[in-house]
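Subject: Structure handover

Hello,

Here is the structure we talked about. Please open it alongside this note; my findings follow below.

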Amino acid sequence: MINQEFTLSIYSENHVGLLNQITTIFIRRHINIESLTTSESAIEGIHKFTIIVNTTREQVEKLRQQIDKRVDVIKAFVFTNDEVIHQEIALYKVPTEALLNSNEIERLVREYGARILEITSEYTVIEKTGHKFETQELFEKLDRFGVSQFVRSGRVAVTKLSKELLTNYLKKLDKEETILD
Amino acid sequence: METLTKETKQMEKRKTTRLSGSEAVIQSLLHEGVDLIFGYPGGAIMPIYDALYDYHEQLHHVLVRHEQGATHAAQGYARVTSKVGVCFVTSGPGATNAVTGIADAMIDSTPLVVISGQVTSPLLGTDAFQETDVVSITKPITKWNYQVTHAEEIPEAIAKAFYIARSGRPGPVVIDITKDAQFGQLDFSYSPIKHIRSYTPVPKVNPDNIEEAARLINLSKKPMALIGQGVILGKAEKELVAFLEKSGMPAAWTLLGLSALPSDHPQNVGMLGMHGHYGPNVKTNEADLIVAIGMRFDDRVTGDVNKYALNAKVVHLEIDPAEINKIIYADVPVLGDVKESLPLLTEKVTSNSHQEWLNEFNACYKIEHQKIINKEINPIKEKMTMGEVINKVSGVYNDDSIMVTDVGQQQMMAARYFKFKQSRSVVTSGGLGTMGFGIPAAIGAAMGQPDRPVCLFVGDGGFQMTIQELGTISQTKAPVKMVLLNNSFLGMVRQWQELFFDKRYASTELTNPDFQTIAKGYGISGEKVTARENLDEAIERMKQHQGAYLLEVAVEKEGNVFPMVQAGASVSDIRLE
Ligand SMILES: Cc1ncc(C[n+]2csc(CCOP(=O)(O)OP(=O)(O)O)c2C)c(N)n1
């Protein structure tokens, strides 16, 4: 089986130490986390982790089962890239001098659909949202002008499905229809 | 704690009593029906011990000699009673000493609640005296854990702990309670927990899968059942026998599934795996159907998974969804409690006898008997063998005592040669293989089943890993019959060195103390047997003796456990010599 990128969407109770509970499962299986974000979900009191891994379908399924098994985890889902809409945000800090010396930076900002967040006499901060390869490409182009800081967030993702998996699951739980297989 | 506030508010409406956190711990345990605790005091848990002092008539405390002993004793107790084992340990070294037993309970699905004291909450994270981050340390080796920093959280945290420890696939839970929470005051009321939103302990059985499993069973010519501890944990022994007798299929067991099916049941074909029986191992690759019942395909059972069950479809009855397809692909997974799924399956399977197929196992047994078993239990050599001693002890106790083992050759021999009439009669460290498990686990087993004899088999290596628990035996008078099979070697490791490392015995030979003198020092009776002619009488004396006994038997130094499926080999390549 070949490695591919998967997005794990994990919904959990909002407890101290949950991140640790989840990451130990990756550590045990020696699977590297490519990116990780956590935030509140659309449902009050339920937390969402979005974790990206590069692995096989078989491995990711086993990971999902073991994450799901943790008592405080409500439900974990696995998606391939074409099943989700996903974005990352990147920030670039470049010298303002470089911005003023040519219009190349401004051109890049327009071309990549980025925007300038802040300009001071010393530095300028540019923001771009997109897929990793896009933010990376922009970095490589901007770096010719000397990027002094570059940071990219973890991936955030929503599913393309019209039915909401978690909401359905919670409804099922309420009705005690918990056939899991 | 946000998570507790909703419930805590509900509690406020109920009738409450003003208590200290420590007393709330004790009261909560009483509400959960606890009457026995294994533990060891220290600074950070002193308030709880102080509260316990007033309750010593309802809540018996066993003072062990090392916290590892507390956890193993609680495991022994839990395994023979099906109740939750409870431990008290102090912060820092007390908690870290408990780690081995907690890990053991996790991998062997044993329900434990370990309550650890913790430094006072303002000092958390400051490297305070005897502070360790117990919650982080035990996260991967607990089913659930939680740190309590306010007295008001105590009843609900403990209620959750017991619910999680014993429901579904059982496991250990650690509740770490800061000293200020123990000293704090709360309005106490207790209500057991029966539901947690994020947790489905017992998945519902899917009738379609039962249908499909039954269809495969009814089509199968050579089906084989693999029995795991799930049957015992689910109290489904009767349901198992009904299923086996109707379907007629041979049944083999994992180490932890031992005693779920009586030894003399005609369909009981023996142990699976590395030192299991010849038949069930080789026949795994001839079977056309494997029905796995509450077992998890440990690598000691499967050998090389790529050469395992090559001709078989697999039906997997399992309570834990994470076990499905983890090691062996299940053609038909049947999630749920086997207590529920087995009868549904039995109803759908057609009566069958599979006599010819069973005869094939019996033929294998004959070969094994001639090549191995007979030589082991009726040896012609001068030196006594482990199998011979174990076989005799089993017989003297009418094949009806609780067997506890340590880890190593003696463990495998005990599993092979001890016989059972009733379930919940085996306490052994399977998944973790923890040397030093034996003595404390036997203490816990004896306390859990005071009316049943408890026989411990232990090697001279493992005996010295928790030898201090002889002190616990002497203080509690736990009537543990200890059979020390002394080969002056770390036998199992020596066997591997002999077979796979050119007999290079690196650090496996032991210079041992005089174990009888040590036992005597602890006030424990015993004797050492060095000649076969004295063995029978010695076992009889051990049986007749009231209370604990150390029967030490000098067995051959370089005996080996066979058959053997070498690590990484296929079950088909099981070695008979
Ligand atoms: C805590 C621990 N350390 C090391 C081992 C590795 N180990 C497995 S069996 C064994 C030898 C056991 O020797 P002994 O207790 O004398 O029993 P025997 O094999 O001779 O019956 C060892 C060292 C282990 N299982 N547990």
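Pro563(B) lies in the segment after β20 (549-554) of chain B; strands here are DSSP runs of E, at least two residues, helices are runs of H or I, at least four, and both are numbered from the N terminus. A cis peptide bond joins Phe562(B) to Pro563(B), with omega about 0°.

This is a predicted model, where local features need pLDDT of at least 70, side-chain atom pairs count only at pLDDT 80 or more, and totals for chains, interfaces and linings use all residues. Residues are numbered from 1 along each chain as its sequence is written, chains are lettered from A and ligands numbered from 1 in the order written, and side-chain values use heavy atoms, leaving out hydrogens and water.

Confidence: the model scores ipTM 0.89 and pTM 0.95. Chain B has a mean pLDDT of 96, and 98% of its residues reach 70 or more. pLDDT is the predictor's confidence in each residue, from 0 to 100.

Two backbone points. Most residues other than glycine have a negative phi, and most peptide bonds are trans. Arg424(B) has a positive phi, near 55°. Arg424(B) sits in the loop between α17 (409-417) and β16 (426-427) of chain B. Its relative accessibility is 15%, so Arg424(B) counts as buried (buried is under 20% relative accessible area, exposed over 50%, partly exposed in between; 1.4 Å probe, protein chains only).

Ser507(B) also has a positive phi near 55°. Ser507(B) is in the loop between α21 (491-500) and α22 (515-521) of chain B. Ser507(B) is exposed, at 71% relative accessible area.

Best wishes
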